[in-house]
Amino acid sequence: MSLKNVYVAKTLDEVLNLLNQYGCESKLIAGGTDVIIQLREKEISPKVLVDISNLSEINFIDESEDKITIGACTTFTTIAESSILKDKLKGLVQSAESVGSPQIRNAATIGGNICNASMAADIVPPLLALDAEVLIESKAGKRRILLDHFLMGKGKVDIKPEEIVTAITFNKPKNREALGFGKLGLRKALAIARISTAIYLSLDEENTCRKIRIANGAVGFRGMREKEVENIFIGKQLTEDVINMGIEKLREELNQRLAGRSSAEFKTTAIAGIFKKALLETANNCKE
Amino acid sequence: MKKKGVGIGSTFYGTGYGNGFPDVSRAKAVLKEDGKVAVHVGATEVGQGSKTIMSQMAAEVMSIPLNDIIFICEDTKNMPDSGTAAASRQTYNTGNAIKLACEDLRKKVIENAFKELKLNSSVGLTLKNGEIYLKTLPSKNISLKELALCLLKNKELPLIGEGSFTAQTIEMDEETGQGAPYWPYTFNVYGVIVEVDTETGLIDIIKAVCAQDVGKAINPEMIEGQMDGGFAMGLGYSIYEDLGLKEGKMKNKNFTNYLIPTALDVPELEKFIIEDPESTGPFGAKGIGEPVMLGVAPAVLNAIYDAVGVRITQVPVTPDRLLRALKEERRE
Ligand SMILES: Cc1cc2nc3c(=O)[nH]c(=O)nc-3n(C[C@H](O)[C@H](O)[C@H](O)COP(=O)(O)OP(=O)(O)OC[C@H]3O[C@@H](n4cnc5c(N)ncnc54)[C@H](O)[C@@H]3O)c2cc1C
């Protein structure tokens, strides 16, 4: 199949109609920072491209009493500069800032990052740690699904050809709660994560961990929650000993998951420093 | 834990083909009808700035503005061979050939001028700021432009100067190891401060200093540019650029995996140009193209040793290699 048409959509309705009409012969293109490469490498060969990069309807960051919602076409530059997301959600900002280079961040979108479903997608661990939901629309209607369920595997997400992701939504951090992020890339810009980690933490006045959600990237076939590690922390004070126990557990998990890979030794060693730094930063941020 | 270390890497490098191999550069300098001088030379501009500095050299000998030099290179129909833009040899070798060609043209210009000026000889005639004049009586003068017009009328153009320079090197005796395989040598030293993260294996270059012997700086700003570029390349070689050779095959065949430093990875480089004119060099200049990158890796590896006490003997020092080396060290 060769590319016949590119539709530059102005409204969501237009997109839903096009997707409905062309189904699996169509491909959404947002920032295009993954799609263009896949086209060139002939990994995909859609008949029509539906360009949603100008779709202002799904380019927004919204704040309500207890929720924050980010439109799928919001770029990483917008996320990095958002006044809504700073402070308690610093982890989200840091992950957006760590993507590629300024040029990439100006084009690349949060929706594209999630739907491309790379194991190293930088925005995925923070959103998993936030227990975010994905909002999806098609001509037939709307649905919502936990990101953790939406991500199915390397390059695979739970979406039908007629559907589009319109937004991502999650609960706002409450008092003494915060989101942190850490990434190991091999250089300071344009570095694909070798390891990324995100921690959502809720601490009480005694420094005891009320709630914690940990998600890592680039250490499995998709970004994933580390529930076994979370269990180590819950109900305990964040002492040096507890942190070290958590790190030991994390290493065990990675060791199993990465067994047989050439990167296993490096990643199970290096995760300690990245995780610990992110955890301590998050804990500090909870108190502020 | 983050650990700091300081390292120095010092190198000396013989420029040119060396070891007795004929290293020849040729050049032609031609007086044009409008008094401008065309330099025909086989030096290839590969971004190192040869066009600029070689034009400067010609302008200096001919004592005319840089804009009056027409530099013709990279067209084999119109130029003599000046060898490759390799071995950091163009400034020294081809610079010398251009200097010789321009000196030859300058002599011919003066000889023609004394005839035009109807003097007894060329003694005391000099060429300065585009004018040929008698030092003892400057009102006896003719500009290059006027001279060119006269020569044109007399059908004596083009006036051509030629130069050829062969570097002096002597093959090493295989038995004794004696000889003089290179001349000249260029000296360089780098100092770096690194910060090694012992938990992730990441290396951060915090500060870097380069002192570069240049003989004589023909164009100081361009030498600084070469130092910045050489440092970035040397840095890539030290800690990033990994072909991933496996049984002779490259694993990292694209810039996703073969990492070169980005602007954020290259710290400010403090630069010192050391001038000690080389007596056989054009205006004392020597080549610095390759020398500016050689000292980086030894300096970085020494700094890593200073920081964490581990001698790494393989580049690039990627985080996984460094962590492995640290682990082995702990085991011993
Ligand atoms: C030089 C370079 C550096 C990079 N560095 C990083 C990095 O550091 N970290 C990182 O995580 N990624 C990086 N990437 C990958 C890429 O930039 C990100 O994955 C980016 O978020 C993709 O977003 P996009 O808008 O460009 O997506 P596109 O390329 O437009 O689309 C990607 C996929 O998502 C689908 N899609 C897009 N929007 C929607 C939607 N609303 N609903 C349903 N499906 C949709 C498309 O059909 C396609 O399958 C890099 C890419 C390049 C080229």
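In this predicted model, a nitrogen atom of the ligand sits 2.6 Å from an N or O atom in the side chain of Asp122(A). An oxygen atom of the ligand is found 2.6 Å from an N or O atom in the side chain of Thr33(A), and at Gly31(A) a polar backbone atom lies 2.7 Å from an oxygen atom of the ligand. Taken alone, the ligand would expose 990 Å², and the protein buries 89% of that area.

The shell that provides this cover can be described residue by residue and element by element. There are 33 residues around the ligand, and those that come nearest are Leu28(A), Thr33(A), Asp34(A), Thr109(A) and Asp122(A). Sorted by class, the shell holds 20 nonpolar, nine polar and four charged residues. Two or more shell residues are given by each of strand 2 (26-29), helix 2 (35-40), helix 6 (110-116) and strand 10 of chain A. Of the elements of chain A, helix 6 supplies the largest share of the shell, with four residues.

Five strands of chain A form an open sheet in the order 4-5-10-6-7, with antiparallel pairing. Strand 4 (61-63) and strand 7 (141-146) of chain A each have a single partner strand, so these edge strands are left without a neighbour on one side. From one strand to the next, the twist averages 20°.

A few backbone features are worth a look while the structure is on screen. In chain B, the peptide bond from Leu157(B) to Pro158(B) is cis, with omega near -5°; Pro158(B) belongs to the loop between helix 3 (144-153) and strand 8 (159-166) of chain B. The peptide bond from Trp183(B) to Pro184(B) is also cis, with omega near 0°, and Pro184(B) is placed in the loop between strand 8 and strand 9 (185-197) of chain B. In chain A, Leu190(A) has a phi near 45°, a positive value in a residue other than glycine. Leu190(A) is located in the loop that joins strand 11 (177-184) and strand 12 (195-203) of chain A.

Terms used:
Residues are numbered from 1 along each chain as its sequence is written. Chains are lettered from A and ligands numbered from 1 in the order in which they are written. This is a predicted model: local features need pLDDT of at least 70, side-chain atom pairs count only at pLDDT 80 or more; totals for chains, interfaces and linings use all residues. Side-chain values use heavy atoms; hydrogens and water are left out. Two strands pair if DSSP finds at least two bridges between them. Axes are lines fitted to C-alpha atoms, for helices over the stretch in contact, and angles run from 0 to 180 degrees between N-to-C directions. A residue is near a molecule or strand if one of its heavy atoms lies within 4 Å of it. A polar contact is a pair of N or O atoms within 3.5 Å; within protein, one must be able to donate a hydrogen and the other to accept it, and residues adjacent in sequence count only if both atoms are side-chain atoms. Accessible areas come from the Shrake-Rupley method with a 1.4 Å probe; for residues, only the protein chains shown count as cover. Ala, Val, Leu, Ile, Met, Phe, Trp, Tyr, Cys and Pro count as nonpolar, Asp, Glu, Lys and Arg as charged, and the others, Gly among them, as polar.
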